[in-house]
Amino acid sequence: MVYLDNNATTPLDPAVVDKMVWFLREHFGNPSSLYPIGRQVKEMINEAREHVAKSLGANKSEIYFTGSGTEADNQAILGVLEAIPDKREFVTSAIEHPAVQETAIYLERKGYKVTYVPVDRAGLIDLDFLRDAVTPQTALISIMYANNEIGTIQPIDEVVGIARDKGVLVHTDAVQAFGKIDFRIDRLGVDLLSVSSHKIYGPKGVGALFVRKGTPLLPFLHGGHQERGLRPGTENSIGIVGFGEAARVLPEKFEADRTRIQHLAERLGRGIEKKVPKVRLNGHPERRIKSTLNYSFLGLEAEAILLSLATKEIYVSTGSACSSESEEVSHVLLAIGLRPEIARSTVRMSLGRFNTDQDIDIVLKELPDIVEKLRKISAFDPEDN
Ligand SMILES: Cc1ncc(COP(=O)(O)O)c(C=O)c1O
């Protein structure tokens, strides 16, 4: 199998598997229990918090575990707006993941004014538009750090600069940036930041929200005292411990992973552009997570390419994983100006820690033939584009 869908989810790191199996066998206690088998689990959750905090450049008292990256995004946005009830405006970008975008639409239904900052053809937000969009009524700006479909990296430091000038809080969805970009929250300057375990070789169903000390925030779940009252409900201790282990090994592997994955992605990209006619790379040529390759194969349906590759056990994605079951054209690709038929011809390949040179050899052998065969039976003429 050649797995090239690491932006959708990553395989577990072997160190994470070992830790989780050990934990499952040895520890069933409720972390809220006051006797030793509970206290031990609580300690392990706090160790995991320390690993996540350290890998993000944050203080552990500022990290709250959640049930997913989606939940962290929802908690950040809804929690701030509820804590600042007199400000009824929210600013975000046109290319957010549904976890933020759908939350914004929900807010519109609730009567909030939401402004969507447009992006250019490379997927970069319009900073002048952002500056003008922020008013004294704005409670929060939420701009994603790196895009899940095209990989474009936003200038979050400049977003923070604009927000500081105007006295507005900033949240960033860093789910795709974590583990791929070398950033530290203490330098980035955002007030809230979301991450997800399953994008960094940890288990699914666990995320974390960084909340800078002093940020006004109310919980959107109500219940017990877990996660200092921000995220009530008995903790997903096995998931959190696995997430902690994934975050613990991340800094040790970061540099070597990045260099190797970038080399593989460059090889793959060069090979595709050389061997496959009529392809177009989407996203910023430089300010991009290099492990994400988003190509339009002009004249073809991405789904046909995906299914043909799958018969060779090569797994890629059309658009983003979260929207792959919907018929809709990717809002990200439309926002960067692609025509719908070109957006529908777009395949995302995302590399990760466990890809090898052999994987790239296999894709570069199979993909050109598949595209050629599909083009022969396609009625659509790519010259039209
Ligand atoms: C940018 C971005 N934000 C949020 C999420 C949601 O994270 P989770 O799957 O943990 O809910 C994803 C997942 O694809 C993502 O890519």
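Predicted model: local features only at pLDDT ≥ 70, side-chain atom pairs only at ≥ 80, totals over all residues.
Q: How many helices and strands are in the chain?
A: Helices (H or I, at least four residues) and strands (E, at least two) are DSSP runs, numbered from the N terminus. The chain has twelve helices and 13 strands.

Q: Why is the chain as compact as a globular protein of that length?
A: The radius of gyration is taken over C-alpha atoms, and the globule rule is 2.2 Å times the number of residues to the power 0.38. For 385 residues the rule gives 21 Å and the chain has 21 Å, so it is as compact as a globular protein of that length.

Q: Which domains does the assignment give, and how many residues are in contact between them?
A: Domain bounds come from an automatic or database domain assignment. Here, domain 1 is 2-8 + 254-380 and domain 2 is 14-249. Their centres, over C-alpha atoms, are 28 Å apart. Contact means C-beta atoms, placed from the backbone, within 7 Å; 22 residues of domain 1 are in contact with 23 of domain 2. On the domain 1 side, β10 (292-297) and α10 (331-335) each supply at least two residues.

Q: Which residues come nearest to the ligand?
A: A residue is near a molecule if its C-beta atom, placed from the backbone, lies within 6 Å of it. Of the 16 residues around the ligand, S68, G69, T70, N148 and S196 come nearest. Helix α3 (residues 69-83) gives the largest share of this shell, three residues.

Methods. Residues numbered from 1 in each chain as written. Contact = placed C-beta atoms within 7 Å.
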